[in-house]
Amino acid sequence: MQTCDIVIVGGGVMGVSIAHALARRRAGRIVVLEKAFLGAGSSGKSGAIIRQHYSNRLTASMAQKSLRVFEHFEDAVGGPPVFTHTGMAIVVNQRDRAGLEANLAMQQTLGIDVRLVTGQELADIDPNAQLAEDELAAFESEAGYVEAVQVVASFAEAAGREGADIRQGVEVKGVVLDGSRVVGVDTNEGRYECRTVVLATGPWAAHLARAVGVRLPVQACRTQVALFRRPTDFGRRGPVYGDFVHGLYFKPTHGEMLHAGSIAGEEVDDPVDPDEYNEAADGTWLPQVRQRLSRRYPAMHRGYGRGGYGALYAITPDWHPILDRCPGLEGVYCAVGFSGHGFKLSPIVGQLLAELIIDGEARTLDIAPLRLARFEENDLVKTPYAYGVIG
C-alpha cells in the first residue's frame, strides 16, 4: 500500500496539466497514474489546433488564456517551444453570416483579434485557397497549432520537477470509499491511499465513475484523421482552417504534410470500446476527405495520400467538458468529456482544477456552466450561433 495526498487518474494532457498546476501550488504529494503511457489515449493523436473561435464567452476565454501559455510554453512550463503560429481561416455559407458576425463580435469584446475577410484578402493570406461567391470567411490572426506529444511530455516533466510523481503502466481498477469520502484507489499494483482523486480519464471516464455510483454522460467515440503530402508547387504553408461549408478542419503539419479531419459531428454515431477500436482510417473515407479538401484547395487534387488513422473523442451530450466535483462523493473531482476540442484548453483546465481543489472554487473563470448537474437540469451549454461542431 502506498500513500499520497492526490491521485490523478489519466496521463493525457489534462492529467499532466492538472498535476503541474497542483504541484506548483504545493498541494501535497501528487501521483499521476496512467495505465499505458503518457498521451496514449486521445492526447497523443490530437491535431492540437490552438484557436479561440468559440460561440460562447466561457470557452472562448478558456482558449484565450491557454493560448497565452502555449505561445511562451518554454518559459511558462519548460521544454522546447511547441507553438507554430499560422492564423486560422473560418469559412461558412453566406446564409450563416449572422451567426458568424455574432461570434466575431463576442470574441472581439474579449480582445481576440478576428475579423471578416474578403475573397481577395483570403487569397493574399493563402494563395492556394478558393472562396466561392456564396461563402464568407473570417481570419483569427493568433491561431496555430502545437506539437501534442511534446506538450504532454513537457507538462509531465514540469510536474515532476515540482515534486509530482508520474507513474506509467499503473491501471486504476476502482475508487475506494469510506462512506461517501474517497480514501484511495485500487490498481494493478495494489492500493494507493489518498484524500483526493481527480478523474482525467478521457474516453474511459464513464466506466470508472460508474463503479462508485456516478453517471458521467461521456461516450467514447471514434474519429478519423487523413494525411496528405502537398504538391511540390503548392508554395508556402497556409493557415489552419475551420471549413464549415465542407465540414472539414485541416492544418499544415510536419514537413510538407496536411492533417485533415471532420467537423461535421458524425463521431457521435460511432461509439466504441476505447480499449478495442479500429486505429486505421477507413479506406472509403480517405477519398471523401481528399474531395472536400480539394474544393477549398484545388491543388490538393494532386496531393499525395499518406493514409491516416483512427483516434478517440470523449463526447458529452452538449459537446462541452465537465469540470466539477463528483456529486455525493467527498474528494472526487472530474475533468472529462472534452469532445474533441480540449487540447487547446489544457493549460487553463489545470489552473481551474487546482483552484477548485485547493481554494474550494474556480476563481479565474466561472465554470458553473460546465458542472455535471447541467445534464439533469436540462441546462446544457448552448451554442446559439453554431454553424458546425465547434463549441
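Colleague: What makes the contact between the side chains of D275 and K35 a salt bridge?

Modeller: In this predicted model, the N to O distance between D275 and K35 is 2.8 Å. The cut-off for a salt bridge is within 4 Å, so the pair D275 and K35 qualifies at 2.8 Å. D275 sits in the loop between β18 (257-262) and α8 (285-296), and K35 in the loop between β3 and β4, 240 residues apart.

Colleague: Why are D275 and K35 called partly exposed?

Modeller: Buried means under 20% relative accessible area and exposed means over 50%. D275 has 49%, so D275 falls in between. K35 has 30%, so K35 is partly exposed as well.

Colleague: How do you know that R29 and D165 form a salt bridge, and which parts of the chain does the pair tie together?

Modeller: The side chains of R29 and D165 meet at 3.5 Å, N to O, and the limit is 4 Å.

Colleague: Are R29 and D165 buried or partly exposed?

Modeller: R29, at 34% relative accessibility, counts as partly exposed. D165 has a relative accessible area of 22% and is also partly exposed, because buried requires a value under 20%.

Colleague: What makes R296 and E135 a salt bridge, and where do the two residues lie?

Modeller: The closest N and O atoms of R296 and E135 are 2.7 Å apart, and the cut-off is 4 Å. R296 belongs to helix α8 and E135 to strand β8 (residues 135-140), so this pair connects parts 161 residues apart in sequence. Both R296 and E135 are buried.

Colleague: How many salt bridges does a search of the whole structure find, and which residues are linked in a network?

Modeller: The search finds 24 salt bridges. R371, E377, D379 and K382 are linked in a network of them.

Colleague: Why is α2 called roughly perpendicular to α9?

Modeller: Helix α2 (residues 57-71) and helix α9 (residues 346-359) pack at about 105°, with axes 7 Å apart. Angles of 65 to 115 degrees count as roughly perpendicular, so α2 is roughly perpendicular to α9. On the α2 side the contact involves M62, K65, S66, V69 and F70, and on the α9 side S346, P347, I348, V349 and L352. These residues divide into seven nonpolar, two polar and one charged.

Colleague: What makes β4 and β5 edge strands?

Modeller: The open sheet has three antiparallel strands in the order β4-β9-β5. β4 (49-50) and β5 (83-85) each pair on one side only. How do we know that β5 and β9 count as paired? Two strands pair with at least two bridges, and β5 and strand β9 (residues 144-146) have three, in the antiparallel sense. T84 stands opposite Y145 in β9. Helix α2 packs on this sheet and touches β4, β5 and β9.

Colleague: Which strands stand at the edges of the eight-stranded sheet, and why?

Modeller: The order is β7-β8-β6-β16-β17-β18-β15-β19, with mixed pairing. β7 (114-117) and β19 (304-315) each have a single partner strand, so one side of each has no neighbour in the sheet. Neighbouring strands are turned by 20° against each other on average, direction ignored. Strand β15 (residues 219-229) and β18 pair in the antiparallel sense over five bridges, and A226 has A260 in β18 as its bridge partner.

Conventions
Residues numbered from 1 in each chain as written. Predicted model: local features only at pLDDT ≥ 70, side-chain atom pairs only at ≥ 80, totals over all residues. Heavy atoms only, no water. Axes fitted to C-alpha atoms, helices over the stretch in contact; angles between N-to-C directions. Helix = DSSP H or I, 4+ residues; strand = E, 2+ residues; numbered from the N terminus. Parallel < 35°, antiparallel > 145°, perpendicular 65-115°, else oblique. Contact = heavy atoms within 4.5 Å. Nonpolar A, V, L, I, M, F, W, Y, C, P; charged D, E, K, R; others polar. Buried < 20%, exposed > 50% of the residue type's maximum accessible area, 1.4 Å probe, protein only.
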